[in-house]
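Here is a short note to read alongside the structure. Keep the 3D view open and find each residue as it comes up.

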Amino acid sequence: MKKTVERALAVLRPPPELTISDWADRNRRLSSEASAEPGQWRTSRAEYQRGIMEAISDAATETVIIMSSAQVGKTEVLNNACGYHIDRDPAPIMVVMPTERDAETWSKDRFSPMARDTPCLQGKIADPRSRDGNNKILHKRFPGGHLTIVGANAPSGLASRPIRLLLCDEVDRYPFSAGAEGDPVNLAKKRTVTFWNRKIVLVSTPTNKGASRIEAAFAESDQRHFRVPCPACGAEQVLSWSQVRWDKGRDGSHRPETARYHCVECDAAWRDETRWETVEKGRWVADRPFAGTAGFHLNELYSPWVRLEAMVRTFLSARAGGDEAMKTFVNTSLGETWMETGEAPDWQRLQGLKEDWPAGTVPGQGLFLTAGADVQKDRIEIDVWGWGRGLESWLVDHVVLEGGPGDPACWQQLTEVLGRIWLHENGTAMTIARLAIDTGYETSAVYAWARQVGFAQVAPVKGMEGFNRASPVTGPTYVDATLAGKRLRRGARLWTLATSTFKAETYRFLRQEKPTREDLAAGAVCPSGTIHLPGWADSEWLKQLTAEQLVTVKGRRGFTKLEWQKLRERNEALDCRVYARAAAWILGADRWSEARWADLEGQLGVAAQDAAGTGSNVAPLTQRRTTPSRRTVRSSYMG
């Protein structure tokens with residue numbers, strides 16, 4: 001009888017309290033297709049993860065912020081949080097990824113192997129082969145809750161249902177707005193308001209200072225850093241890249257294999273094994289008082305999967321690759337934001353860098369044309385740019401159509417520009433592959449014209465402030481248009497641009513040093529992104545191109561942010577450049593393969609250069625025509 005009672009009481013006894021890290025150490029199995037170290041999970045393998053998972057488990061912590069580099073296991077922390085709540089504390093869960101494709105990839109490659117290989121999760125989620133609809137790629141049911149996986153670019157997914165546990169991964173890669181609904185992080189947070197015990201976790205590698213979501217969120221947290229003790233003197237310290245050193249050979253060459261970390265206090269040198277041992281003994285220390293939001297910052301120096309030699313090699317390669325490569329190192333290896341310089345080059349300096357080629361002629365290395373159109377009250381200004389490998393570019397033409405958006409004749413002339421021919425240096429006729437037109441002024445008129453001429457060659461665009469290097473152009477989204485007085489629902493396609501990204505890129509390219517004529521004659525090539533300006537571009541156009549600068553300003557709550565401010569009133573040349581650059585991105589030029597570039601060179605008979613692109617396919621961008629070019633009105637100040 002006594003034993004029977006004991007067995008009954010054992011059934012009624014509540015399960016032991018477990019944190020997420022305790023649960024993972026007991027139950028989690030790493031799958032071979034999702035981990036380089038398959039088998040039983042061990043939090044001690046990366047000890048800094050314990051504090052993060054305990055914060056997510058802590059009832060007093062509502063929001064957890066993780067700003068970190070790559071290669072520190074932050075996504076596995078999210079996986080463990082999902083597994084723990086499915087097994088021990090069922091609740092409605094939402095995982096938000098930057099795009100729907102990322103959401104599907106996480107579901108298939110990360111979550112499904114974990115659910116399959118972790119014994120306590122087996123049977124709690126329906127077999128994916130069943131037909132009851134409880135286990136779909138982006139929605140999975142389990143006793144007491146469900147898991148919804150969405151892309152930040154899908155507003156319907158973000159606004160679908162109440163959520164208690166919200167896990168947002170790589171928030172700095174989210175679009176500025178989920179369709180027309182607004183900021184996707186705020187949209188997702190609204191799903192949690194009905195739960196008193198809600199939990200919000202934001203994770204990301206940072207991007208640009210002043211424009212990073214994760215940086216802003218971390219600034220509002222208690223700002224915890226992982227301090228490790230020196231094995232020689234015991235001084236606790238935050239691991240910093242400035243303390244990494246390596247030797248040079250007699251010839252001045254770098255020797256990354258000698259890399260070691262030096263204690264900030266006693267200068268003791270730590271090899272990788274010593275560094276990993278110190279991390280196992282570290283602890284999280286907050287720099288600010290806790291007020292419900294725990295913030296964690298990590299860089300690759302803490303990672304047990306990264307050697308200093310590899311980091312040094314990455315750093316040396318980035319330093320040789322220029323600002324863009326260094327930004328990637330700072331963001332993804334150091335887990336820090338990158339400060340854009342944003343300094344406008346002196347327009348008088350650009351005067352001395354101009355080159356000679358006739359207006360309307362495409363220089364020899366130009367392989368395709370895009371155009372940017374800026375709509376003003378009394379005119380439409382268009383700049384036509386030629387593009388080559390490595391996004392090297394040439395200003396080919398500048399056109400001003402008088403009359404403005406209220407004049408039907410002005411729109412007719414813009415239509416004619418789409419069919420106009422520009423001759424390549426070798427005599428091949430070229431037309432504009434894609435024209436991006438601003439929708440900020442007389443939006444309905446722009447939509448109506450774009451719909452009339454077709455969206456294959458025209459991309460209506462809307463600029464948004466802020467930086468987004470992962471996807472500086474998002475869309476297209478479908479918006480309403482008016483044609484012949486009738487409102488057409490979803491009748492136009494709109495692309496959204498991170499104008500700050502393209503402005504900063506333009507100024508960075510303009511500041512690059514170009515080879516001298518003698519160097520070019522000796523076989524030197526221009527750096528990727530070089531901008532070539534023609535002799536016929538006068539001082540007014542150059543002033544417009546350099547009309548803005550990036551400044552740091554304080555927001556309403558005291559946090560700093562980056563903002564573009566005008567140095568002079570007119571900036572049409574800069575806007576047109578941004579739109580033409582966005583048109584090249586929309587075409588896929590940033591992602592074309594070597595074969596695609598070689599194909600374009602073959603079409604034009606252009607000698608190949610030692611540069612490479614990256615992947616896509618588009619229709620041929622050049623064609624021969626016998627029709628005469630249509631009349632356009634040229635700017636009075638461009639000659």
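Predicted model: local features only at pLDDT ≥ 70, side-chain atom pairs only at ≥ 80, totals over all residues.

1. Start with a term. A salt bridge is a side-chain nitrogen of Lys or Arg within 4 Å of a carboxyl oxygen of Asp or Glu.

2. How many salt bridges does a search of the whole structure find? The search gives 37. One of them joins D87 to K124, with 2.6 Å between the closest N and O atoms. This pair links distant parts of the chain, 37 residues apart. D87 sits in helix α4, while K124 is in the loop between α5 and β5. D87 is buried, at 16% relative accessible area. K124 is partly exposed, at 26%.

3. Now look at helix α19, residues 594-604. R596 and D599 meet there in a salt bridge, 2.8 Å from N to O. They are three residues apart in the helix, so about one helical turn separates them. An α-helix has 3.6 residues a turn, so residues three or four places apart point the same way. R596 is buried, with a relative accessible area of 6%. D599 is partly exposed, with 37%. Elsewhere, salt bridges with shared partners join D378, R379, E381, R570 and E572 into one network.

4. Turn to the rings. The structure holds 17 aromatic pairs. W246 and F315 have ring centres 6.0 Å apart and planes at 65°, so this pair is edge-to-face. W246 lies in strand β11 and F315 in helix α10, 69 residues apart. Both W246 and F315 are buried.

5. Y507 and W564 also form an edge-to-face pair, with 5.7 Å between centres and 65° between planes. Y507 is in helix α15 and W564 in strand β28, so the pair ties together parts 57 residues apart in sequence. Y507 and W564 are both buried. Another group to find is one aromatic cluster made of Y48, F226, W284, F296 and Y302.

6. Is helix α15 largely enclosed or open? Twelve of its 13 residues are buried, so α15 is largely enclosed by the rest of the structure. Among the buried residues are K503, E505, Y507 and R508. Helix α15 runs over residues 499-511 and reaches 18 Å from first C-alpha to last, close to the 18 Å expected.

7. Last, check two charges over rings. R577 lies over the face of W385, 4.6 Å from the ring centre. The charged end of R591 sits over the ring of W585, at 4.2 Å from its centre.

Definitions and conventions
Residues numbered from 1 in each chain as written. Heavy atoms only, no water. Helix = DSSP H or I, 4+ residues; strand = E, 2+ residues; numbered from the N terminus. Expected span 1.5 Å × (residues − 1). Buried < 20%, exposed > 50% of the residue type's maximum accessible area, 1.4 Å probe, protein only. Phe/Tyr/Trp six-rings, centres within 6.5 Å; stacked < 30°, edge-to-face > 60°. Lys NZ or Arg CZ within 6 Å of the ring centre and 35° of its normal.
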